[in-house]
Amino acid sequence: MNVHYITSKNFSNSPKGPQFHETFEILGQGIFTSDSEAWTNSKALLHPLFKQQSFCLFLEKIVWEKVEGGLLPLLDHVERKSIEVDLQEESEDAIFHRYVLPRSLWKLQGWLGIGKETKMRKGLQIFDLFLYEFIRNKQLQKEARKYSSAVEEAELDLLTAFIKEKEKNSKVDDKFVRDNTLTMLAAGKSTITVGLTWFFWLVARHPLVEAKILEEIEDKFPAKEENTNQMVYGIQQVKKFIYLHAAFCEALRLFPPVPFGQRQAIDVDTLPSGHRIEPDSMIIYSMYTMGRSKDI
Ligand code: HEM
């Protein structure tokens, strides 16, 4: 009730707030770190991009290539050699440190040019150099295509979609493209890897669930002669896996990759539970605890 109130019903009084912006300052003014008007503008712009048919086609193709060309051969190798593999990638170390260290300490580290802060800044410089160069090249490629052929791309990657938007929307500049590209990488990569790691761990410990997942796949797409080797499914096909979806949601409930959320009140407020919130109060809510609370 309280979380719904903060994040939805009285959303305008509970932005992410200055402390959140400071912790995630590396993401600039991307949708993840913005509030109020800037957030509304980013949302209005980004939301339709993800729904474009050409973007979905591109996504499907990339996932296919990555799974068939990378993941499956790797897992095959791991199985043949009977070696152990750690599926989880290292997450954003420096941001985690900003949460666990006192603010004055990580600020001092940044100022002295030592520790995780400096490593992160150096990494970001390289990322920015790479990305701005990439944006320039994409633009040049796009120009060249415009004059050499009129063929429109059937598959659209996110960066090209941002650049197209930049041409017709004055609110979109290189900084917007940089901030939102980094945001998507940062917000999407670790969450998915952490989520999948826990999912596979749980499935490995529950053979009955594994059997049901396999049964559902076989039931929806029976192995025929011609597709015996099919192990990658398209967006429309994946939607048919109801049990698999539920199993993944269950993994997210037990081990949420984003275990807590934070907001900062603007004005004095009273939560549905009757608790009074003072202006500027930090409100932290735990998805991990909520997912395991019998009352919820
Ligand atoms: C299992 C995977 C994922 C989980 C558990 C997850 C979880 C979350 C949560 C809890 C938030 C809210 C943060 C807050 O407002 O305090 C959030 C926001 C966000 N996530 Fe994810 N996420 C996942 C995957 C992704 C992916 C793949 C992307 C992008 C490619 C992404 C992009 C974003 C963005 C842009 C926001 C900010 C949205 C806004 O402020 O309106 N997430 N995510």
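Guide: Let us begin with exposure: a residue is called buried if 20 or more other C-beta atoms lie within 10 Å of its own, exposed if 12 or fewer, and partly exposed in between. Please keep in mind that this is a predicted model.

Visitor: What makes aspartate 280 partly exposed?

Guide: Aspartate 280 has 13 other C-beta atoms within 10 Å, and since exposed requires 12 or fewer and buried 20 or more, aspartate 280 is therefore partly exposed. Aspartate 280 sits in the loop between strand S3 (276–277) and strand S4 (282–286), and its phi is near 75 degrees, a positive value in a residue other than glycine.

Visitor: Why is serine 36 called exposed?

Guide: Serine 36 has 10 other C-beta atoms within 10 Å, and the limit for exposed is 12 or fewer, so serine 36 counts as exposed. Serine 36 belongs to helix H3 (residues 36–51) and, although not a glycine, has a positive phi of about 40 degrees.

Visitor: How do you know that H10 lies largely in the open?

Guide: Of the 14 residues of H10, the number buried is zero, so the helix lies largely in the open.

Visitor: Why are H9 and H12 described as roughly perpendicular?

Guide: The axes of H9 and H12 cross at roughly 110 degrees and come within 9 Å; angles of 65 to 115 degrees count as roughly perpendicular, and H9 and H12 are therefore given that description. By class, their contact has eight nonpolar, one polar and no charged residues, with Gly195, Trp198, Phe199, Leu202 and Val203 in H9 meeting Ala247, Phe248, Ala251 and Leu252 in H12.

Visitor: What surrounds the ligand?

Guide: The ligand is surrounded by 14 residues, of which the closest are Ala187, Gly188, Thr191, Gly195 and Val258. Helix H9 (residues 174–205) gives the largest share of this shell, seven residues, and by class the shell has eight nonpolar, five polar and one charged residues.

Visitor: What makes proline 257 partly exposed?

Guide: Proline 257 has 17 C-beta neighbours inside 10 Å, a count that falls between the limits of 12 and 20, so proline 257 counts as partly exposed. Proline 257 lies in the loop between helix H12 (242–254) and strand S1 (260–264), and its contacts, leaving aside residues up to four places away in sequence, are Ser190, Thr191, Val194 and Gly195.

Key
Residues are numbered from 1 along each chain as its sequence is written. This is a predicted model: local features need pLDDT of at least 70, side-chain atom pairs count only at pLDDT 80 or more; totals for chains, interfaces and linings use all residues. A residue is near a molecule or strand if its C-beta atom, placed from the backbone, lies within 6 Å of it. Helices (H or I, at least four residues) and strands (E, at least two) are DSSP runs, numbered from the N terminus. Ala, Val, Leu, Ile, Met, Phe, Trp, Tyr, Cys and Pro count as nonpolar, Asp, Glu, Lys and Arg as charged, and the others, Gly among them, as polar. Two residues are in contact if their C-beta atoms, placed from the backbone, lie within 7 Å. Axes are lines fitted to C-alpha atoms, for helices over the stretch in contact, and angles run from 0 to 180 degrees between N-to-C directions. Angles under 35 degrees count as roughly parallel, over 145 as roughly antiparallel, 65 to 115 as roughly perpendicular and the rest as oblique.
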